[in-house]
Amino acid sequence: MPINQCTPEQLKQHLQDDPSVFLLDVREPHEFAYAKIAGSVLIPLQQIPARFDEVPADRDVVVICHHGMRSQQACNFLQHSGLQRLFNLKGGIDAWSVTCDPSVPRY
């Protein structure tokens with residue numbers, strides 16, 4: 001089953017409609033420290049298997065990285081592990097910065 005893709009604009013609307021959305025950022029700590037979407041939770045990609053229990057199964061989960069590649073990998077793993085309410089942020093935080101929140105630094 002393919003992973004749902006979520007554009008930055010769709011994420012912005014989703015956050016307005018449902019503030020309980022879980023924002024999972026799978027970048028590295030130095031990337032997260034430089035630029036992040038408010039309210040997101042950092043679990044670097046390599047730590048996802050060990051920290052799987054920190055990702056809620058009962059909420060929509062939007063997975064975020066720089067451009068959408070690592071988040072796609074994380075979504076694939078999470079889906080294979082049984083989660084269903086997954087969305088990959090298309091274009092990553094870079095696209096979020098360009099289209100929704102220019103206060104988020106680009107790198």
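How many of the eight residues of α4 are buried? Six of them are, so the helix is mostly covered, where buried means under 20% relative accessible area, exposed over 50%, and partly exposed in between, with a 1.4 Å probe and protein chains only. Before going further, some ground rules. This is a predicted model: local features need pLDDT of at least 70, side-chain atom pairs count only at pLDDT 80 or more, and totals for chains, interfaces and linings use all residues. Residues are numbered from 1 along each chain as its sequence is written, and side-chain values use heavy atoms, with hydrogens and water left out.

Start with the fold. The protein has four helices and five strands. Both are DSSP runs numbered from the N terminus: helices are H or I with at least four residues, strands are E with at least two. Along the sequence the order is β-α-β-α-β-β-α-β-α. UniProt, in an unreviewed entry, places the feature "domain: Rhodanese" at residues 17-105. Its positions are given in the numbering used here, feature names are shortened, and annotations may be inferred rather than shown by experiment. Over residues 17-105 the chain is 30% helix and 16% strand. The end C-alpha atoms of that stretch are 25 Å apart.

Now the overall dimensions. The C-alpha atoms fill a box of roughly 35 × 30 × 20 Å, taken along the principal axes. A compact globule of 107 residues would have a radius of gyration near 13 Å, and the protein agrees with 12 Å. That radius is taken over C-alpha atoms, and the globule rule is 2.2 Å times the number of residues to the power 0.38. Buried residues make up 46% of the 107. Contact means heavy atoms within 4.5 Å. Among contacts between residues at least 6 apart in sequence, 66% join residues at least 24 apart.

Next, the surface and the charges. The accessible surface comes to about 5700 Å², and 55% of it belongs to carbon and sulfur atoms. Such areas come from the Shrake-Rupley method with a 1.4 Å probe; for residues, only the protein chains shown count as cover. There are 9 positive and 12 negative side chains. Lys and Arg count as positive, Asp and Glu as negative; His and the chain ends are not counted. The centres of the two sets lie 4 Å apart, with each charge placed at NZ of Lys, CZ of Arg, CG of Asp or CD of Glu.

Back to α4. Its buried residues are Gly92, Ile93, Asp94, Ala95, Trp96 and Ser97. Their cover includes α1 (8-17), β4 (61-64) and β5 (86-89). Asp94 sits in this helix, which spans residues 92-99. Asp94 counts as buried because its relative accessible area is 13%. Leaving out residues up to four places away in sequence, Asp94 touches His66, His67, Arg106 and Tyr107.

Strand β5 holds Leu89. This residue is buried, because its relative accessible area is 0%. Beyond four places in sequence, the contacts of Leu89 include Cys6, Pro8, Leu11, Val62, Val63, Ile64 and Trp96. Ile37 is also one of its contacts.

Glu9 lies in helix α1 and is partly exposed, because its relative accessible area is 44%. Glu9 touches Thr99 and Cys100, not counting residues up to four places away in sequence. The C-alpha atoms of Glu9 and Asp53 are 29 Å apart, and the two are 44 residues apart along the chain. Gln47 sits in the loop between β3 (41-42) and β4. At 33% relative accessibility, Gln47 counts as partly exposed. Its C-alpha atom is separated by 23 Å from that of Cys6, 41 residues apart along the chain.
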